[in-house]
Amino acid sequence: MKHLTKVLATTALVSASAATAAELEVVHWWTSGGEAAAVAEFAKALDATGHTWVDGAIAGGGGTNAIPAVVSRLLGGDPMGATQFNHGRQTEDLIQEGLFLDLTDLAEQEGWRDFVFPSSLLDSCTYDGRLYCVPVNIHSWQWIWLNNDAFAKAGTDVPSNWDEFVAAAPALREAGVAPLAVGSQAWQQAGAITEVLAVAIAGPEAWEQVNVAKDADVAAGPAYAAVFEAAAAARDLAADITVTDWNLATAAVIEGQAAAQIMGDWAQGEFAVAEAVAGEDYTCLPGLGVNPVLSLGGDAFYFPKNSDADVEAAQLELASLMISKEVQVDFNLKKGSLPVRGDVDLSAANDCMNKGLGLLADGKILAGANIALSQDTIGQVNDLIVQFWNSDMSAAEVQEKYAGIIARAD
Ligand code: BGC
């Protein structure tokens, strides 16, 4: 009898989920080793419900290929089950067009406002008081990643800040190690300069004056002159190695061909896959060891409206899973990002993740460019920086052009 009950219960469960099982095509740009390991956690969690995760990865770091492809599909009436965007202003127009499923009721039922930390992550998802996305992580641009052995080989200490790193460069070169690996795509160079070097060298207040208040005088002033001088120095330090994708630059650091990379903490996922140990094999310095802060970037998922009720039910289930405690921990430990909830067990966090958690707890946070600037302005900055990076444009000239973009920015 006991056995029969169990069989009946199992049958009921199977047929219940079979009746509503749906396939969800999920578009994202997570194709590096660390990224793929992290996104597999989401897929596993969805598949365990009886629904099917249909992977729609579009390669290209920073979403450079995925974002335009997704926008054109959505505007062309060809919605996917779910799609990644960065936190911030990328979806402003799409939300206004009414293209996304409203998640407000789900979020209220599950009390997202009570546990999402910082709650500003939900504000980026909110339009006219309604919620349209689920934030899945906090990623910060504000890091430099250093290979400890590379500095040992050069006979120098592992630097604790940007100036010490610049000072170590001749010894690194002497030892046959490229000082800095920077991928050849605009978003990587622009991030390193206008997010990371700017915050480290001009300071978080000046960064906010430029990016949030759009103060072109600060962008044209002395604090930013020092930023672009450091950018010209970085351009020189990066001349010894040519790579394209961000994760290949990270691989060059992991393998010791290069000593350092300025990159967001998604790089940490690559170190994890390579089984490198934070604090032993590599060192991470938030704010380049000068101004330690976290910029609030990261990823959120949106669920395009769909006329099929089964698909909609599966979309809500995926949203709920992505923000659930267990999935938040499993996903973020692999991704190198911080969870969006403050009530999860992070005892497995490594040295670098703990540094990030400490900054978050101390409220040392900044908005991040995708939140502060429109996509149009970000595009103009990227175009300028890639030109600077691939020429001998002077620090003074790039600064003047940059200040012009900020003067027109929205
Ligand atoms: C995303 C990260 C991703 C990185 C590189 C960023 O825009 O927030 O999740 O790993 O791009 O692709």
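Buried here means under 20% relative accessible area, exposed means over 50%, and partly exposed lies in between, using a 1.4 Å probe and protein chains only. Strands are DSSP runs of E with at least two residues, helices are runs of H or I with at least four, and both are numbered from the N terminus. Keep in mind that this is a predicted model: local features need pLDDT of at least 70, side-chain atom pairs count only at pLDDT 80 or more, and totals for chains, interfaces and linings use all residues. Residues are numbered from 1 along each chain as its sequence is written, and side-chain values use heavy atoms, with hydrogens and water left out.

So who sits beside β9? Two strands pair if DSSP finds at least two bridges between them. Strand β7 (residues 143-147) runs antiparallel to β9, with three bridges joining them, and Leu146 has Ala260 in β9 as its bridge partner. Strand β8 (residues 178-180) runs parallel to β9, joined by two bridges; there, Ala178 stands opposite Ala258.

Now follow β7 across to β10. These two pair in the antiparallel sense over five bridges, with Trp145 facing its bridge partner Cys284 in β10. In a regular strand the side chains alternate between the two faces of the sheet. For β10, Tyr282, Cys284 and Pro286 are on one side, Thr283 and Leu285 are on the other, and all are buried, which leaves both faces covered. With five of five residues buried, β10 is therefore largely enclosed by the rest of the structure.

Cys284 also takes us to the disulfides. A disulfide is a pair of cysteine sulfur atoms within 2.5 Å, and by this rule the count comes to two. Cys284 and Cys352 form one of them, with their sulfur atoms 2.1 Å apart. The torsion about the S-S bond is -115°, and the link is left-handed. Cys284 lies in strand β10 (residues 282-286) and Cys352 in helix α18 (residues 351-361), so the pair ties together parts that are 68 residues apart in sequence. Both Cys284 and Cys352 are buried. Another disulfide joins Cys125 to Cys133, with an S to S distance of 1.9 Å. Its torsion is about -85°, so this disulfide is left-handed. Cys125 is buried at a relative accessible area of 0%, and Cys133 is buried at 0% as well. Number the bonded cysteines in sequence order and the pairing reads 1-2, 3-4.

There's another sheet to look at. Five strands form an open sheet in the order β2-β1-β3-β12-β6, with mixed pairing. The edge strands, each pairing on one side only, are β2 (52-57) and β6 (134-135). Further in, β3 and strand β12 (residues 299-302) run antiparallel and are joined by four bridges; Gln84 stands opposite Phe301 in β12.

Next, the largest pocket. A pocket is found on a 1 Å grid over the protein atoms alone, as an open set of points where a 1.4 Å probe fits, with protein on both sides within 12 Å along at least five of seven lines; lining residues have an atom within 4 Å of a point. The largest pocket has a volume of about 790 Å³, taken as the space filled by probe spheres set on the points, which are joined across faces, edges and corners. Of its 42 lining residues, the closest to its centre are Gly62, Asn86, Gln90, Trp187 and Asn370. Elements that each supply at least two lining residues include α3 (66-75), β3 (82-86) and α10 (186-202). Domain 1 (2-139 + 296-361) and domain 2 (143-295 + 366-408) both give residues to the lining, so the pocket lies between them. Those domain bounds come from an automatic or database domain assignment.

Most residues other than glycine have a negative phi, and most peptide bonds are trans. Phe117 and Pro118, however, are joined by a cis peptide bond with omega about -5°, and Pro118 is in the loop between α6 (112-115) and α7 (120-123). Glu275 is not a glycine, yet has a positive phi of about 60°. Glu275 sits in the loop between α15 (267-273) and β10 and counts as exposed, at 68% relative accessibility.
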